[in-house]
Amino acid sequence: MVVEIKKKIGIPRSLLYYKYFPLWKTFFEELGLEVVVSDKSNSKIVEIGGRYAIDEICIPLKLYYGHLVNLLEKDIDYIFVPRYISTTFGTYMCPKFLGLPDLIRGTMDNLPPIIEMDVDLRKKPKYASAIQTGRQLHRSLRQIRKAYEKAIKTYHYFRNLMVKGLTFQQAMNIINKNIENFEPKPRKHNGVKIAVIGHGYNIHDPFINMNLFKKLRSMKVQVVTLENLPLEIFKKQTIITNTLKNYWGNEEEILSAVNYLFQDKTLDGLIFICSFCCGPDSLIDELITRDAKKLNIPYISLVLDEHSGQAGVITRIEAFVDMIIRKKRGQKITKEVLIQTPPSQFQG
Amino acid sequence: MMRLKVTFPHMGYNWVCFKTLVEGMGAEAFLPDYNNVKQLDPGLKHSPEWICFPFKVTLGNFIAALEDGCKVIAMATDCGPCRFGFYYAVQERILRDLGYDFEMKYLPQGDLLTFEWVDLLKSLCPDKSLFNNYLVFRTARLFLMKCQLVQDIEKYEGLTRCYEINPGETTQIAKKCVQMVDAANRYYKLRQLRSRIRRMFREIPQRKRNGTLKVGLTGEIHVTLDPFTNHDIKRKLGELGCEVHMDLSLYDWIVHKFHLNFHRKYLEYLSKTHKKIGGLQMDIGGEAYWVLGEYINWAKRGFDGFVHTYPFTCMPEITAKSIITKWYGDRIFDLPPAFFPFDEHAGEAGFVTRLEAYVELLKTRKEKMKNGTRRN
């Protein structure tokens with residue numbers, strides 16, 4: 001019997017990996033490929049990435065380069081670099097996502113064939129992108145359709161798991177072990193609820209954010225991320241001003257989540273994580289800061305970079321959490337529960 | 001009838017065109033002083049930390065105008081993936097939080113063929129009768145003509161400066177030409193001006209030199225066209241003995257937004273056909289798509305240098321920069337690029353030193369190529 005050797009496709013563990021990996025993994029595995037993921041981020045990967053990328057680019061992209069180099073060592077047959085143009089109708093992603101395959105092709109040598117996937121919901125349905133990808137691998141339409149349906153199903157299951165309160169890594173473990181109908185146990189906490197909002201690649205990568213989650217959990221704080229919020233809230237269009245429609249897909253999600261969290265009276269504080277030089281976040285940060293000030297909600301914005309010292313970040317987070325705990329204790333003693341007026345709308 | 005007092009941000013010589021747009025519709029144009037350090041300060045203070053530089057400059061313009069009692073602000077906006085589309089909304093929010101009372105009028109220029117700009121122009125007009133349709137037509141025509149003239153001035157300025165005998169004469173002539181364009185408000189007069197401007201530049205006493213360098217200048221539109229923001233890079237290049245070629249201008253941009261710019265279509269074609277080595281496949285905002293096209297175009301035409309100016313942290317231009325750096329490093333195209341990101345932290349001396357060093361290197365390179373002693 002001839003054993004068919006599966007071809008390997010490499011996926012860098014960076015950028016949209018933290019959002020769509022279950023989808024990609026199921027899709028390629030159903031098409032008969034072996035999915036290889038790069039190692040977890042570490043200082044060596046950042047160093048190599050910094051050598052390939054130019055100095056001004058943001059840290060997630062530097063990591064992307066590092067992960068790509070790491071993948072090349074694992075002798076793969078294809079490399080998967082998607083081009084996400086828009087993920088909901090009428091939006092765009094950040095310009096760097098729009099030109100990602102071109103950027104990689106233009107700046108790196110000795111790459112295996114790049115498998116592209118143009119996701120553009122402004123112009124074509126999701127299925128068209130799946131066909132485009134499958135066709136590059138010479139698969140039949142029937143195979144692609146089957147793989148696509150299963151991939152979408154897995155992705156929805158994954159999203160639902162995260163809504164139930166799991167972190168990215170826990171949800172991925174469950175997907176890998178093929179457990180169905182999983183129900184998570186509630187975690188013990190001290191009643192302080194803090195939301196950590198930002199891009200997935202900053203929040204779920206423990207190397208970039210200096211193990212922020214572990215630190216927060218060790219302080220017995222209840223942590224909420226963007227993916228843990230109910231799915232319905234992302235369907236509404238956010239309002240920035242009466243005339244401007246937000247056109248960034250990722251920022252739309254962040255704004256919807258912040259809008260929802262600001263109306264949630266049990267929320268005690270908000271941590272916003274962004275990377276240095278991030279274009280969209282520079283504006284979104286400003287808007288959220290102004291809103292938080294108006295609503296009197298504790299808010300801290302952390303800017304990440306490859307040079308950030310761990311101690312500085314940890315000190316700031318500890319101070320922030322301590323302040324919130326002290327504020328809560330003060331409220332308990334005087335028995336004056338601060339009732340905030342419900343904000344009418346997230347509006348400028 | 002009340003005449004509106006409208007202000008708009010500065011962008012090099014292009015205030016002439018914007019002024020026509022406002023005054024042609026019967027409103028009063030209010031111009032703050034040309035960008036300066038004093039004006040920039042409040043803009044810096046109130047802007048987000050690492051937003052691109054044009055945001056800070058234009059916010060400084062607006063604050064200066066509002067301090068002088070102007071009530072209406074006109075600002076262009078985009079629909080694209082770059083940050084420019086957010087400018088007016090965030091600026092409005094910042095200014096309102098500062099306690100100013102004003103009205104923000106925005107001009108959607110994502111696609112000018114949707115003719116949304118007609119509504120903006122009509123809203124400036126105190127006369128609400130049908131007559132304002134004629135005014136819109138007339139103003140648009142004058143505006144386009146003036147844009148074309150300003151483009152001519154900028155082009156001739158870059159081409160003649162390195163040959164002038166009396167230093168500084170070209171700058172004077174250019175300023176005089178801008179004044180002339182500003183003063184003329186009839187179509188036939190502007191048509192006469194076109195040949196007159198060409199003649200004025202030709203009559204500057206010139207001396208032909210050997211070994212002048214041909215340098216292409218391109219980049220993000222506000223930074224490339226505004227002499228305050230880019231430390232007058234065009235003049236400095238000219239004084240160092242470079243013939244500055246520039247395709248970028250407001251006219252170029254506007255014609256592109258009417259889908260009639262075939263030069264840009266050609267640049268897109270160039271970028272697209274170089275897919276294998278990383279040419280961009282789609283417009284990713286800013287000018288990245290066309291910067292790559294320009295680079296290929298000028299490399300093929302045998303230019304000596306390529307200067308790319310952009311605001312620090314500009315997302316699309318950084319993508320273009322990465323690709324160009326690699327192309328030159330691998331000798332796929334033989335055109336040495338220089339990149340100048342601009343920010344408020346401006347050291348004039350450092351900038352000039354870098355520019356001088358770049359030009360010196362270009363000169364040596366050219367000489368070596370002439371003698372045949374260049375090693376790769």
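Angles between axes under 35 degrees count as roughly parallel, those over 145 as roughly antiparallel, those from 65 to 115 as roughly perpendicular, and the rest as oblique. The axes themselves are lines fitted to C-alpha atoms, for helices over the stretch in contact, with angles running from 0 to 180 degrees between N-to-C directions. The model is predicted, so local features need pLDDT of at least 70 and side-chain atom pairs count only at pLDDT 80 or more, while totals for chains, interfaces and linings use all residues. Residues are numbered from 1 along each chain as its sequence is written, and chains are lettered from A, with ligands numbered from 1, in the order in which they are written.

Helices (H or I, at least four residues) and strands (E, at least two) are DSSP runs, numbered from the N terminus. Helix α1 (residues 15–24) and helix α6 (residues 131–160) of chain B have axes that come within 9 Å and cross at roughly 170°. α1(B) and α6(B) are therefore roughly antiparallel to each other. Two residues are in contact if their C-beta atoms, placed from the backbone, lie within 7 Å. From α1(B), the residues B:Val16, B:Cys17, B:Thr20, B:Leu21 and B:Gly24 take part, and they meet residues of α6(B) that include B:Leu135, B:Leu142, B:Phe143 and B:Val150. Sorted by class, this contact has eight nonpolar, three polar and two charged residues; here Ala, Val, Leu, Ile, Met, Phe, Trp, Tyr, Cys and Pro count as nonpolar, Asp, Glu, Lys and Arg as charged, and the others, Gly among them, as polar.

Chain B also holds an open sheet of four strands in the order β2-β1-β3-β4, with parallel pairing. Two strands pair if DSSP finds at least two bridges between them. At the edges stand β2 (28–30) and β4 (103–108) of chain B, each with a single partner strand, so one side of each is left without a neighbour in the sheet. Direction ignored, neighbouring strands of this sheet are turned by 35° against each other on average. Strand β3 (residues 72–77) of chain B pairs with β4(B) in the parallel sense over six bridges, and B:Ala74 stands opposite B:Lys105 in β4(B). Across β3 and β4 of chain B lies α4(B), which runs at about 150° to β3(B).

Another open sheet of four strands in chain B has the order β6-β5-β7-β8, and its pairing is parallel. Its edge strands are β6 (242–245) and β8 of chain B, each pairing on one side only. Neighbouring strands here are turned by 25° against each other on average, direction ignored. Strand β7 (residues 305–311) and strand β8 (residues 337–342) of chain B run parallel and are joined by six bridges; B:His308 has B:Phe339 in β8(B) as its bridge partner. α14(B) lies across β5 (213–219), β7 and β8 of chain B and runs at about 155° to β8(B).

The domains give a wider view. Their bounds come from an automatic or database domain assignment, which gives domain 1 (5–141) and domain 2 (208–371) in chain B. In chain A, the division is into domain 1 (7–163) and domain 2 (187–334), with C-alpha centres 27 Å apart. Here 24 residues of domain 1 of chain A are in contact with 25 residues of domain 2 of chain A.

Finally, the two chains meet: 35 residues of chain B are in contact with 28 residues of chain A. On the chain B side, α4 (87–97) and α14 (315–329) each supply at least two residues, and α14(B) gives the largest share, nine residues. This side of chain B has 19 nonpolar, nine polar and seven charged residues.
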